[in-house]
Amino acid sequence: MKKEQYHHRLPHFHTPGQDFFITWSLKSAIPAHALEKYSLQLETAKTKIEQARKKEGESSKIDFLKKQYNQIRRKKLKTFHELLDAQRKSEVDLSRQVYTELIKESLFHWEKNKISNFAFSIMPNHIHWVIGVNTTDMTNQTVYLQDVLSSVKKYTASRINLREKRNGRLWQKESFDTTIRDQNHLKNAIIYTLNNPVKAGLCNHWEEWPGNWCHNNYLYWME
């Protein structure tokens, strides 16, 4: 199955060998229908792009429609982050030490074999993760972000649900991922990630937050 692109509400482009900034949250973190307006707008924009692709001489129109699509996606992502930071109570508190350590263990599980960790922040109701995805793993199999993220979410959900004595889906089905374009984009993603608990008023300095971690190669960006 080709996994460079897959769909839920949003199309995801997961070409192996790239770097990504990923955010995913608890299912209960976002109020029902809070992002439905943007989801519907994205579905409409996606349909227009697909229709234009079927016609000859529509390249300039396709470029315009893609820009519109990306603008809507940025608005949805901004709203998503604002909703996450505004919430003060959640069904499960991921910032509890037992869950922070469990999630950290899972984020490091595929280190070197499939991914390289750059930085992450485990917030009370969501996670920011900046990683590089290897082209192939140690068995020479192609590595897809979709598979790595799915394994992390499944493992952590099963362990947390067991401890909480709860059933059902723990995580939002949709995850927000952005391909890192260049070094400056990587820098901004790492700074945003590590400063998220400060922005949310959970601590005064990023190093105080137990759920924060950053590779030594990038710590100078936080000085």
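The legends below describe close-up views of a predicted model.

Local features are reported at pLDDT of at least 70 and side-chain atom pairs only at pLDDT 80 or more, while totals for chains, interfaces and linings use all residues. Residues are numbered from 1 along each chain as its sequence is written, and side-chain values use heavy atoms, with hydrogens and water left out.

**View 1. The protein chain has 5 helices and 7 strands.** Helices (H or I, at least four residues) and strands (E, at least two) are DSSP runs, numbered from the N terminus. Along the sequence they follow the pattern β-β-β-α-α-α-β-β-α-β-α-β. The radius of gyration, taken over C-alpha atoms, is 18 Å, close to the 17 Å that the globule rule gives for 223 residues, so the chain is as compact as a globular protein of that length. The globule rule is 2.2 Å times the number of residues to the power 0.38. The C-alpha trace spans about 55 × 40 × 40 Å along its principal axes.

**View 2. Five strands form an open sheet with the order 6-3-5-4-7 and antiparallel pairing.** Strands pair if DSSP finds at least two bridges between them. Strand 6 (176-179) and strand 7 (212-214) are the edge strands, each pairing on one side only. From one strand to the next, the twist averages 20°. Strand 3 (residues 19-25) and strand 5 (residues 126-133) run antiparallel and are joined by 7 bridges. W24 has I127 in strand 5 as its bridge partner.

**View 3. Helix 4 (residues 145-164) lies across strand 3, strand 4 (115-122), strand 5 and strand 6.** Helix 4 runs at about 35° to strand 3; axes are lines fitted to C-alpha atoms, for helices over the stretch in contact, and angles run from 0 to 180 degrees between N-to-C directions. Helix 5 (residues 183-199) also packs on the sheet, touching strand 3, strand 4, strand 5, strand 6 and strand 7. The direction of helix 5 makes about 35° with that of strand 4.

**View 4. The largest nonpolar core has 42 residues.** Such a core is a set of buried Ala, Val, Leu, Ile, Met, Phe, Trp, Tyr and Cys residues joined through side-chain atoms within 4.5 Å, where buried means under 20% relative accessible area (1.4 Å probe, protein chains only). I22, W24, L94, W129 and W171 touch the most other members. Helix 2 (59-86) gives the largest share, 7 residues.

**View 5. W129 has contacts beyond its neighbours within four places in sequence.** Its partners (heavy atoms within 4.5 Å) include F20, I22, W24, L107, F120, V148 and V152.

How values were computed:
Buried means under 20% relative accessible area, exposed over 50%, partly exposed in between (1.4 Å probe, protein chains only).
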